[in-house]
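Visitor: I would like to go through this model with you. Could you begin with the terms we need?

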Amino acid sequence: MIHLDRELEQLKKSTTAMWILVQSQIEKAYKALAANDKDLAREVIANEKRVNSMELKIDSDCEDLFALYSPVASDLRTVLATLKINTNLERIGDLAEGICKHILSEENAFDKELLKASDIQEMYDVVIEIMKDVLQAYIKEDTKLARTIFKKDEILNEINMLATKNITEYIGSDISKIEAGLNFLSIIRKLERVGDQITNIAEEIIFSHEAKVLKHL
Amino acid sequence: MVQKNKSVKELNPEYKLESRGLNLFYGQKQALKDVSIQMSANTVTAFIGPSGCGKSTFLRCFNRMNDLIEGVKIDGEVLIDNVDIYKNEIDVYEYRKKVGMVFQKPNPFPKSIFENVAFGLRINGEKSKSYIEDTVEYALKQAALWNEVKDSLHKSAIAISGGQQQRLCIARAIAVKPSILLMDEPASALDPLSTTKIEELIHTLKDNYTIVIVTHNMQQAARISDKTAYFYMGELIEYDLTEKIFTNPARIETENYITGRFG
């Protein structure tokens with residue numbers, strides 16, 4: 001094992017730790033939403049600072065690796081992919097924080113009927129499942145597993161597409177539901193964006209190990 | 001700004017240098033095994049590989065320098081401008097004029113700067129004083145040395161710095177108007193500033209010359225060459241665009257070497 005291997009291993013450990021934190025942020029955001037747990041929502045918002053500092057540390061580690069080791073070939077792709085994965089994870093962290101801000105902006109709990117009408121439970125299940133799968137793909141360097149999430153992301157896209165119609169129907173003629181409906185729609189949009197970020201991460205894992213660029217295909 | 005992303009073949013379709021099924025033996029020991037390669041005109045090709053892999057031996061095939069070593073046997077073809085330079089009827093001296101060579105250690109003659117550059121012209125029988133003066137100036141300018149030595153052309157070449165001596169050797173090679181420059185680790189004995197000057201010079205010279213460089217410095221190969229050839233134990237393992245070699249080599253042997261996991 002050369003010294004660079006040890007550095008790359010450490011980088012992977014830091015990225016995995018950040019991943020686990022971000023995943024927990026998303027899970028907590030859902031629990032806060034389902035149970036209208038405003039304290040938990042505040043906890044997620046407070047934790048966002050930790051996500052940000054981890055992002056800065058990983059960025060700085062990648063910068064050091066470029067400067068000190070001049071990585072090439074698969075090593076270069078690993079560091080490049082880590083930089084992008086890092087950015088995507090930080091954005092997922094931002095989205096979890098954003099969801100919690102929407103929860104806090106609602107005085108009362110979101111209507112159960114709204115939760116049901118929007119299929120948000122299914123959306124969350126898919127988001128958490130693909131986050132876990134992609135983390136496994138990252139740890140085990142399993143590009144086959146990384147590829148499985150593209151189809152699952154389509155489920156998120158579909159739910160998101162139907163959300164406007166479903167929420168409009170929910171609001172119906174009751175003007176008092178508009179604010180909650182719009183707030184909820186923003187949460188759905190954010191979850192859909194989480195799916196996009198995870199898809200980006202899966203693409204980076206494939207790039208890192210197979211040198212194939214799947215972006216914009 | 002990296003501007004090497006066009007394929008070399010696209011830049012220039014003509015092969016300046018080529019080898020076909022080249023084998024070279026030092027006595028019983030085979031130093032090159034069935035090496036076939038094509039290098040386009042006005043490109044920089046880097047030969048990389050561990051010590052003893054045959055890259056310098058292969059470089060020296062292009063000016064028939066190996067002929068001088070006792071017990072060397074060569075078969076296969078080495079072509080310059082589509083002519084096999086190992087054919088019997090070839091005038092070796094004429095062909096060597098097409099090929100300039102720069103070595104690892106700067107080796108100026110113990111003469112003045114001017115006479116070092118003029119040397120090749122004089123032994124080729126050039127008598128015209130003005131032609132020699134013009135050519136010395138041209139070669140020193142090409143080698144990016146003129147501004148530093150124009151006021152001390154008659155100073156001893158031994159007295160200038162190592163980096164300047166190496167550029168002087170490049171000027172000496174250029175003076176006889178070759179079309180090919182072979183460089184065997186030209187910057188490995190130089191400090192980083194002089195190395196940068198040599199690398200910049202190689203970039204500039206590419207417009208007029210076809211350059212082949214042997215280097216142990218991986219980053220140097222990556223910075224200056226259009227194509228890179230990886231040699232191991234006398235075999236050409238992989239030859240491709242430098243960007244490809246350093247981002248996604250096709251062979252695991254190449255990957256292991258360039259990432260430092262060799263052996």
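Guide: pLDDT is the predictor's confidence in each residue, on a scale from 0 to 100. This is a predicted model, so local features need pLDDT of at least 70 and side-chain atom pairs count only at pLDDT 80 or more, while totals for chains, interfaces and linings use all residues. Residues are numbered from 1 along each chain as its sequence is written, and chains are lettered from A and ligands numbered from 1 in the order in which they are written.

Visitor: What is the mean pLDDT of chain B?

Guide: The mean for chain B is 91, and 95% of its residues reach 70 or more.

Visitor: Where does pLDDT stay under 50 in chain B?

Guide: That applies to residues 5-9 of chain B, for which the model has 9 contacts beyond four places in sequence. Two residues are in contact if their C-beta atoms, placed from the backbone, lie within 7 Å. Where pLDDT is low, the predicted coordinates should not be read in detail.

Visitor: And the complex, what ipTM does the predictor give?

Guide: The ipTM is 0.78, and the pTM is 0.85.

Visitor: Staying with chain A, how do α1(A) and α5(A) pack?

Guide: Helix α1 (residues 3-35) and helix α5 (residues 120-140) of chain A pack at an angle of about 170°, with their axes 11 Å apart. α1(A) and α5(A) are therefore roughly antiparallel to each other. Axes are lines fitted to C-alpha atoms, for helices over the stretch in contact, and angles run from 0 to 180 degrees between N-to-C directions. Angles under 35 degrees count as roughly parallel, over 145 as roughly antiparallel, 65 to 115 as roughly perpendicular and the rest as oblique.

Visitor: Let us turn to the sheets. What is the strand order in the open sheet of 4 strands?

Guide: In chain B the order is β2-β1-β4-β5, with antiparallel pairing. The edge strands β2 (29-40) and β5 (83-84) of chain B each pair on one side only. Two strands pair if DSSP finds at least two bridges between them.

Visitor: Which strands pair with β1(B)?

Guide: Strand β1 (residues 15-26) of chain B pairs with β2(B) in the antiparallel sense over 8 bridges. β1(B) also pairs with strand β4 (residues 72-80) of chain B, again antiparallel and over 8 bridges. B:Ser19 has B:Ile37 as its bridge partner in β2(B) and stands opposite B:Val78 in β4(B). B:Glu18 stands opposite B:Gln38 in β2(B).

Visitor: What lies between β1(B) and β2(B)?

Guide: The two strands form a hairpin with 2 residues between them, and B:Gly27 in the turn has a positive phi of about 65°.

Visitor: And the order of the open sheet of 6 strands: what is it?

Guide: The order is β6-β7-β8-β3-β9-β10 in chain B, with mixed pairing. β6 (99-102) and β10 (235-241) of chain B stand at the edges with a single partner strand each, so one side of each is left without a neighbour in the sheet. The twist averages 15° from one strand to the next. Strand β3 (residues 44-48) and strand β9 (residues 227-232) of chain B pair in the parallel sense over 4 bridges, and B:Ala46 has B:Thr228 as its bridge partner in β9(B).

Visitor: Which strands does α7(B) lie across?

Guide: α7(B) lies across β6 and β7 (180-184) of chain B, running at about 170° to β6(B).

Visitor: At what angle do the axes of α7(B) and α8(B) cross?

Guide: The axes of α7(B) and helix α8 (residues 192-205) of chain B cross at roughly 20° and come within 9 Å. α7(B) and α8(B) are therefore roughly parallel to each other.
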